[in-house]
Amino acid sequence: MKDHGAMQRIVRELAAIVGDRHVSDAAEERYLYGRDMGTMPPAPPDMVVLPGTTAEVQAVVRLANRERVPLVPMGAGLVLSGLTRALAGGIVVDLKRMNRVVAVNDVSRYAVVEAGTSQGMLQAYLKKHHPTLKHSLPDAPPMATIGGNVLIHGSGHMSCAYGFHSDMLNGLEVVLPTGEVARIGSCAVSDYWFARAPLPDLAGLFLGWAGTTGIVTRLAIKLFPRYPFNDVAIFVADDPAVIPDVLGRLTAVQVAEDMTAWMTPKPAWAAGHQHVNICWGGHSREELICKRDLLRAAVRDYIQARTAGFMPLPPPLKKRFTRLPDSQLTTFADVRKGGGFEYVGAIMPVDLFAAAYRLGVRVAEARGVAYSLGARIIGANHCMMFFFAYAFNRADDADVARAQGALEETNREVIALGGIPWKAEAPAQQAILARMDPSTRELMARLRRAVDPNGIMNPGNWETER
Amino acid sequence: MDHAEILHRCFRCGYCKLPGNHVDLNCPAYLESRFETFSPGGRMWLLRAWRDGELEASERFQRILFSCATCANCTEQCVFPKFKDRLLDVFAAGKAALVEAGRVPPAVRDYLTAVFDHGNPFKLPPKRRTLWAEGLDLPRFDGQAYLLWIGDVGAGDPRGRQMARQVARVLQRAGIQMGILGPDETSDGNEAAALGEGELFSHLARQNIARFRERGVRRIITLSPHGFNALSRLYPAHGGDFAVFHYTQILARHMDRLAPPTGGPPLAVTFHDPCYLARHNGEVQAPRRILARLPGVTLQEMDRSGKNALCCGGGGGNYFTHLLGEGPDSAARVRVREATATGTAVMLTCCPTCLAMLESAAVSQNLDGRLRVCDLAELVMERLDGCS
Amino acid sequence: MTELRFDPNLCRACATVDCLVRCQYLDLDLPGARIEKDLILDGRPSRVLTDCVTCYGCEEYCPHGNHPFYLIVERQEQLGIQPAPAPITRQQLIMMGDKNDAPPARVQAPVIHLCAFPMLAGGIAGPLYEDASVIAGNDIFCNVMWLHFARNSVIRERLPRVIARIWERYLRDSGVDEIVCYHDECYATFTRIAPAFGIEVPFRCVHLFEFLAGRLEALAGRVRPLKARAVYQRPCSNRLIPETDRWVDEIFARIGVERVARRYDRGTPLCCGGVLYAHQRDDLGDDVQRRNLDDMQAAGAAFCVFNCPACMLSLGEAAAERGLFPIFMSDLCREAVK
């Protein structure tokens with residue numbers, strides 16, 4: 001812990017790097033940047049800095065290294081699991097000033113963006129300048145950053161077709177914990193950011209590490225054709241046990257861009273039912289209908305047996321399910337008129353769907369927590385991000401504690417089932433590490449020591465040696 | 001403070017920072033600062049912390065609160081039904097609590113003191129309040145169809161005065177029978193209310209309403225959308241029951257009364273929607289209807305227009321207090337850059353505050369030779385008179 | 001008490017079997033229709049019971065007013081034939097279920113019954129609806145939709161409650177004994193289905209069209225003829241009350257709208273398709289919608305007039321894409337009265 005004088009000196013040095021206006025050690029910023037919207041207890045930083053360029057990030061990192069001050073990289077701070085809290089104090093590096101779209105390659109279909117570029121702004125940029133292209137949007141608010149979401153292995157509305165958002169990463173520019181700027185992927189060799197292959201894939205050093213291995217400043221992501229026509233269908237069944245088979249049949253058709261299951265006790269008509277939203281697009285109405293018919297054919301057995309089927313969805317009602325981003329999801333935070341929710345997003349094999357569903361219902365009902373469950377399918381049924389979302393009233397400490405308890409139990413049970421919590425809270429990271437192959441854990445530790453010898457990067461996260 | 005019971009319900013999802021089409025940051029204070037604390041959500045959480053004793057009302061805290069431009073982008077974009085409608089009330093209540101506690105930035109204090117002492121923030125003596133109308137042959141209100149309400153910025157800001165003259169002239173040209181209060185006009189209190197000085201606002205509202213009644217005013221045309229907001233939306237709670245119009249609404253109705261424009265060279269313009277007209281009061285069509293009646297004039301919309309417009313940064317008293325700053329990320333400078341991106345050389349608006357803010361920003365941005373900022377009425381008069 | 005009033009002898013003796021022969025979807029000739037009719041009467045499986053699109057057309061075609069369609073639904077339910085998958089039906093049952101949570105309210109005539117569509121209340125405004133009261137919500141949902149889901153039992157269970165609520169919650173203590181049914185469904189429920197099941201209705205019902213025609217007559221001096229051509233989407237529920245279709249002509253005449261002749265209007269209307277999708281018959285739904293829209297478009301009208309919210313949901317956007325302005329009959333009339 002630095003003394004006050006040293007901290008003041010660091011603030012002045014940061015101001016010299018980024019300008020007075022873009023650094024603060026005021027109580028207001030320390031308060032707000034010390035917490036997120038989830039249930040994790042606050043952990044305030046000593047100061048917050050807003051760099052505007054890679055060079056500024058580099059200078060900030062070098063300063064932090066010299067002073068042995070922790071750095072906490074931050075995008076929109078919307079993970080909900082407290083990954084941008086300053087668990088050991090230090091400097092929160094808010095990257096949202098770095099929000100430029102650097103380049104778009106129409107032919108090879110990728111965009112190079114600064115890490116703080118928001119999902120909404122890239123979406124709007126592409127709509128205006130490259131209307132035939134789109135990127136995969138997560139179910140996060142539009143302020144969520146491209147960088148943050150890719151680096152936590154996010155997923156989104158094209159994940160059924162193309163996998164995790166980290167699978168859509170072509171390359172990145174990163175400021176290493178020791179201050180060097182490295183380029184990963186084709187951009188390390190070429191002016192083009194077209195792929196991570198065929199090089200040794202060093203992107204893995206930065207994906208899923210919760211900001212403990214460097215600060216990514218730029219990245220290239222894949223873009224995809226934007227269909228002029230889009231459609232959605234909702235398949236409804238009663239029995240969670242049939243869902244893996246349903247998903248297997250639907251994904252086998254390989255026309256869906258997004259496939260997401262949802263189960264919620266409210267409204268009453270949804271309770272006890274398993275819903276699977278299937279979104280697809282086409283270049284013509286005929287193509288849409290053709291794809292719809294293929295999807296229907298895949299689950300014809302269920303329809304003919306009258307045990308499951310598609311919800312009637314007139315065109316105006318479809319808009320609710322095809323709007324991106326879907327603001328309706330955010331409003332789950334207010335189901336208890338309390339402004340809060342957090343979820344365990346468990347990456348799991350689809351086989352575990354029914355067990356995960358039962359787990360969520362059991363935990364939520366036993367603890368009296370308002371809940372919503374669901375699963376985004378990643379790839380052709382390759383795995384799923386099963387979410388257990390629990391709402392709470394931020395003004396009611398007991399309610400927050402109830403939700404926190406539900407999250408902890410869910411994390412534990414998910415690991416026991418064979419899943420892995422995604423963007424896990426620091427305690428859940430420890431639970432994962434406890435279950436991890438020891439050699440893997442040691443490899444993580446060794447890599448971390450190698451890239452961050454002074455241990456300044458987001459300490460408290462992925463602490464392999466605790 | 002009022003509305004404290006909903007502070008915790010802000011999730012801080014950040015929809016409030018963006019316009020509906022997400023093209024860029026649309027909260028002036030957050031745009032300029034980029035610290036989460038200056039976003040609407042940040043303000044909500046900080047107010048809660050202050051109420052709970054976790055934070056002091058420091059100078060920075062005050063600045064965070066009072067730099068809100070009350071542009072209502074947050075209320076427009078917040079995704080929580082009903083809750084969203086109260087966001088500006090929450091911020092006003094927070095500012096009111098700071099006013100009550102005597103913890104306000106000096107610039108805010110000076111503004112409120114000037115309005116209290118002089119009836120206007122420019123400290124104009126009554127006689128100078130009519131500078132804008134000199135030579136216009138505008139009678140005092142004496143039972144005409146309309147009262148023309150100028151407001152503080154129209155009377156006190158040099159650019160505002162120019163606009164006021166042209167608005168009055170074009171309305172006269174359209175045959176609108178109207179009078180003014182002249183030296184008897186005082187602040188309408190819109191900014192006082194936005195700054196949380198509810199008592200001062202109530203005093204001004206009651207005073208003005210009494211004055212309107214004494215003179216038999218029934219219908220009012222306002223120069224400024226801020227005055228339009230105060231008189232049409234805030235005064236009814238104090239007994240005001242007048243028919244209030246923004247000047248563009250009257251002009252749009254009576255464009256056919258004006259002598260047929262002679263045309264003039266083709267002119268591409270862009271239009272900046274004032275927050276207190278578009279978002280606060282839902283009027284986005286009247287200015288565009290006027291433009292559509294001007295031969296040769298074509299409108300190039302900015303990426304953010306109508307209810308998605310970026311504020312000029314002058315609302316919530318910021319025109320007077322300058323708490324938002326004038327740096328390259330200030331809303332006004334971003335906005336004039338956005339205007340130039342449309343490829344037009346003329347940026348129109350219909351609010352004296354926006355006009356002054358944007359014209360000043362164009363100069364700061366070194367665009368004064370390339371981008372002309374003017375009021376809609378000024379353009380109409382030019383086109384009517386056949387000059388460009 | 002809620003036995004279906006259906007005369008099997010009359011049905012057996014029927015020479016024309018119009019109910020099935022004239023069906024626009026089943027393609028049955030008279031001999032085939034007789035066979036299927038007898039199977040239905042005997043309570044045995046018939047392809048009619050599985051293939052019926054539930055367009056209600058047979059109710060209109062039966063020359064004896066013998067409720068062949070209600071019998072079809074009765075048999076579907078008895079034989080466990082589910083037009084829609086079980087979870088879909090179950091969801092609809094809950095979605096449209098009553099909560100019995102609205103307080104009593106004083107009303108005054110005319111009382112406009114908006115059924116389960118309170119979102120349409122904004123349209124009950126202007127001179128046409130002067131002094132009108134509006135009642136709406138799931139608690140007074142007419143429940144006719146269960147005919148599409150082989151659930152006469154639900155109508156039997158819920159309809160008496162709905163009728164009692166309308167009467168006790170709104171009309172009785174307000175001294176009003178009449179409602180104006182905004183939707184064909186409701187008018188058909190209270191004037192046809194309830195009697196067919198022996199359910200008493202203690203109030204009188206006026207069809208919206210009759211009400212509008214009367215108001216338009218009273219306001220004749222304020223009517224601005226629209227001078228427009230319109231196609232009309234006659235809803236399935238109107239086939240339970242075919243005599244009210246003439247009001248469409250009268251209303252159109254009063255507001256200066258031409259009801260453009262087309263193949264799928266009047267006695268041969270096509271389903272909007274919504275129910276077909278709920279029945280998982282997308283191919284048929286696509287085909288029916290396409291034929292209907294082609295027919296509308298070929299008619300060369302400016303408006304596509306609906307009275308059924310479900311039809312509007314199913315076809316409104318598609319009609320707009322074909323250049324037809326989709327509009328409710330009530331809104332069209334309001335446009336004409338300034």
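This is a predicted model: local features need pLDDT of at least 70, side-chain atom pairs count only at pLDDT 80 or more; totals for chains, interfaces and linings use all residues.
Figure 1. Taken over C-alpha atoms, the centres of domain 2 of chain A and domain 3 of chain A are separated by 29 Å. The domain assignment of chain A places domain 2 at residues 101-225 and domain 3 at 229-326, and the assignment also lists domain 1 (4-94) and domain 4 (329-428).

**Figure 2. Contact surface between domain 2 and domain 3 of chain A.** Twelve residues of domain 2 of chain A are in contact with seven residues of domain 3 of chain A, and the area buried between these two domains is about 870 Å², with carbon and sulfur atoms giving 58% of that value. On the domain 2 side, A:D139, A:H157 and A:C160 together account for 49% of the area that this domain buries against domain 3 of chain A, more than any other three residues.

**Figure 3. Polar and charged pairing between domain 2 and domain 3 of chain A.** One salt bridge is counted between the two domains, while four residue pairs across this interface are in polar contact, with both residues at pLDDT 80 or more. Helix α6 of chain A (residues 159-162) supplies three residues, the largest share of the side of domain 2 that touches domain 3, and by class that side of domain 2 has seven nonpolar, four polar and one charged residues. In a salt bridge of chain A, the side chains of A:K134 and A:E257 meet at 2.8 Å, N to O.

**Figure 4. Interface of chain C and chain A.** Here 23 residues of chain C are in contact with 25 residues of chain A, and the area buried between the two chains is about 2,000 Å², of which 53% comes from carbon and sulfur atoms. Within chain C, the residues that lose the most area to chain A are C:Q91, C:Q280 and C:L313, which together make up 28% of what that side buries.

Figure 5. C:R90 forms a salt bridge with A:D238, in which the closest N and O atoms are 2.5 Å apart. On the side of chain C that touches chain A, α7 (86-95), α12 (274-278), α13 (282-299) and α14 (309-321) each supply at least two residues, and the largest share, eight residues, comes from α7(C). The residues of that side of chain C divide into eleven nonpolar, six polar and six charged.

Key. Residues are numbered from 1 along each chain as its sequence is written. Chains are lettered from A and ligands numbered from 1 in the order in which they are written. Side-chain values use heavy atoms; hydrogens and water are left out. Contact means heavy atoms within 4.5 Å. Buried area is the accessible area (1.4 Å probe) that two parts lose on being put together, summed over both. A salt bridge is a side-chain nitrogen of Lys or Arg within 4 Å of a carboxyl oxygen of Asp or Glu. Helices (H or I, at least four residues) and strands (E, at least two) are DSSP runs, numbered from the N terminus. Ala, Val, Leu, Ile, Met, Phe, Trp, Tyr, Cys and Pro count as nonpolar, Asp, Glu, Lys and Arg as charged, and the others, Gly among them, as polar. Domain bounds come from an automatic or database domain assignment. A polar contact is a pair of N or O atoms within 3.5 Å; within protein, one must be able to donate a hydrogen and the other to accept it, and residues adjacent in sequence count only if both atoms are side-chain atoms.
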